[in-house]
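Please examine the sequence and the structure shown below. The paragraphs that follow lead through the pocket, the sheet and the core in turn.

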Amino acid sequence: MTRKIADCRRYPSVMNCTLTISGEEDEVVRAAAEHAVSVHEHTDSPELREQIRASLEDERVAV
């Protein structure tokens, strides 16, 4: 299974967050949603999780 990444640097914020989360898709969506709620003050919802899922990228593996 291809690992996914969520990278806060791709989305400018007041706090200039630099967190990157990587892992299996469901793990990353869960962790990114928790981060969005606790750090960026978003409300956890199915819509937030779908936005996160849609923004995930495949992790590039260094060879």
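**Pocket, sheet and core**

Helix α2 provides the largest share of the lining of the largest pocket, namely four residues; helices (H or I, at least four residues) and strands (E, at least two) are DSSP runs numbered from the N terminus. This is a predicted model, in which local features need pLDDT of at least 70 and side-chain atom pairs count only at pLDDT 80 or more, while totals for chains, interfaces and linings use all residues. Residues are numbered from 1 along each chain as its sequence is written, and side-chain values use heavy atoms, with hydrogens and water left out.

The volume of the largest pocket is about 430 Å³. On a 1 Å grid over the protein atoms alone, a pocket is an open set of points where a 1.4 Å probe fits, with protein on both sides within 12 Å along at least five of seven lines, and lining residues have an atom within 4 Å of a point. Grid points are joined across faces, edges and corners, and a volume is the space filled by probe spheres set on the points. Of the 20 lining residues, Cys8, Tyr11, Ala36, Ile52 and Ser55 are the closest to the centre of the pocket. At least two lining residues come from each of β1, α1 and α2.

The sheet is open and has three strands in the order β2-β1-β3, with antiparallel pairing; two strands pair if DSSP finds at least two bridges between them. Because β2 (20-23) and β3 (57-58) stand at the edges with a single partner strand each, one side of each is left without a neighbour in the sheet. Four antiparallel bridges join β1 (residues 4-7) to β2. Within β2, Ile21 stands opposite Ala6, and Thr20 is the bridge partner of Asp7. Buried means under 20% relative accessible area, exposed over 50%, and partly exposed in between (1.4 Å probe, protein chains only).

The largest nonpolar core has 10 residues: Ala6, Ile21, Val28, Val29, Ala32, Ala33, Ala36, Leu48, Ile52 and Leu56. Such a core is a set of buried Ala, Val, Leu, Ile, Met, Phe, Trp, Tyr and Cys residues joined through side-chain atoms within 4.5 Å. Two or more core residues come from each of α1 (25-38) and α2 (46-55), and α1 gives the most, with five.
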